[in-house]
Amino acid sequence: MVVKNSLYNLLGLALPLLVAIFAIPTLISILGIERFGLLTLMWALVSYLGILDLGLGRALTFFISKKLNNEENLNSLISTGIISMTILGVVLGVLLLTSSPFWIPKLEVKEISYNEIQASLLVLCCMIPLVVLSSGARGGLEALEEFKLINLLRIPFGAYTFIGPLFTAMIYGPDLFSVSISLILGRATLVLLQLYFLRKRVSFSLSTFDTKLLKQLLSYGGWISLSNMLSQMMGYLDRFLIAFIIGISLVTYYVVPHELITKLWLIPGAITAVAFPRFVKLLNSGFHSDVRRLYWFSVLAILIAVGFCSLIVFLFSYEILNLWISEEMAIQGSLLLKIFSVGIVINSIAHIPFTLIQSYGRSDLTAYVNLIQFPIYIGVLYYLITHYGVVGAASGWLLRMLLDSVINFIIAQNLLRDRND
């Protein structure tokens, strides 16, 4: 079951990337370096704010996995989670929109008007509640282990993430506002379908709201949210610092190789999405030996799969970028791609101990790990970018991957040892 569901997830995450391979070069050609760079920053903002859901998406998966035999409590749990996440998404969208006049003028762009940027951001702010709500709906479906259904939705809408902006740009030209409209239409359709299928499996009424259940969700999810917030801040900090310190045009040369190699995260992502509810159920049932077997099997599977792919990318980084994008991109980004290919292996295997820690209900520990890393990473990254440019940024990212992996493995091993005793 775990292998089959992981394969579903792998297909759901990988197939849209085939579309991306062909769409991104054309999209860069139509939008231009500055517009595409700004679009990636907007995507980063929406993605970052979308995971600031107070951990409710992950908390829903955790508690639904524990309460599957209590249908009445389950209905209230889902309804409470969905209502809370909708309200939260609206608040996050409003906060981003109202703060935009303070930071948009600081972006050094030559080819894009302020009005175009502001209009595009308005549309993307409206998409944030949809992103947050989608996370909750998917979390419910994952707890129910409906991975086949999840990926039947993920494949076409994942492809649309690239096809929608591409065709929109081909029709309307280099206009970020039109591209943003295409993105929000796709996200809205996905959310409606996710909620429809979740309600078919577990009947719930949005008139039900239980403050006690909300407290449980927030108690677990608050630490998840803090961990996600810090992780995403560190994950996107490099490109924002590059934009403000050495120029937004260099963001594209940094982001393209980074986005290329980090697509390998779909492998640990496919496995951990399945392993998380399975870990929770096994731990609640007392099958600790099965937990350990699943843990090491998952680590080994990720190491082999990601390690092989990363080795190919490391050896042929210049050729890949030259063939995919251009010779200029290969010259600027091949060394960065080599650095990223090493870090991705280290980070990918760390997904399993990270997932296991949260399966034990110790979401506070993963938050503490990121709290330790955050101030260190800011200082190191700023120093490396100011002295070594984009190569320094990539090196700082690699160091963070190494530190994060070591700490998570140590914590997970202690939890497994304590439960074994």
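Start with helices H8 and H12, whose crossing is right-handed (the near helix is turned clockwise from the far one by less than a right angle). The model is predicted: local features need pLDDT of at least 70 and side-chain atom pairs pLDDT 80 or more, while totals for chains, interfaces and linings use all residues. Residues are numbered from 1 along each chain as its sequence is written, and side-chain values use heavy atoms, without hydrogens and water.

Select residues 249-262 for H8 and 327-359 for H12; the two pack at about 40°, with axes 8 Å apart. Helices are DSSP runs (H or I, at least four residues) numbered from the N terminus. Axes are lines fitted to C-alpha atoms over the stretch in contact, with angles from 0 to 180 degrees between N-to-C directions.

Next, show the contact (heavy atoms within 4.5 Å). H8 supplies residues including Tyr253, Tyr254 and Ile261, and H12 residues including Leu336, Phe340 and Ile344.

Now select residues 317-324, helix H11, which packs against H12 at about 140°, with axes 8 Å apart. This crossing of H11 and H12 is right-handed. Among the residues in contact are Tyr318 and Leu321 of H11 and Met329 and Leu337 of H12.

Then move to the largest nonpolar core, which has 125 residues. Such a core joins buried (under 20% relative accessible area, 1.4 Å probe, protein chains only) Ala, Val, Leu, Ile, Met, Phe, Trp, Tyr and Cys residues through side-chain atoms within 4.5 Å. Ile64, Tyr254 and Leu356 are among those with the most contacts inside it. Finish at Ile64: it touches Leu74, Leu77, Ile78, Gly140, Ala143 and Leu144, not counting residues up to four places away in sequence.

Conventions
Buried means under 20% relative accessible area, exposed over 50%, partly exposed in between (1.4 Å probe, protein chains only).
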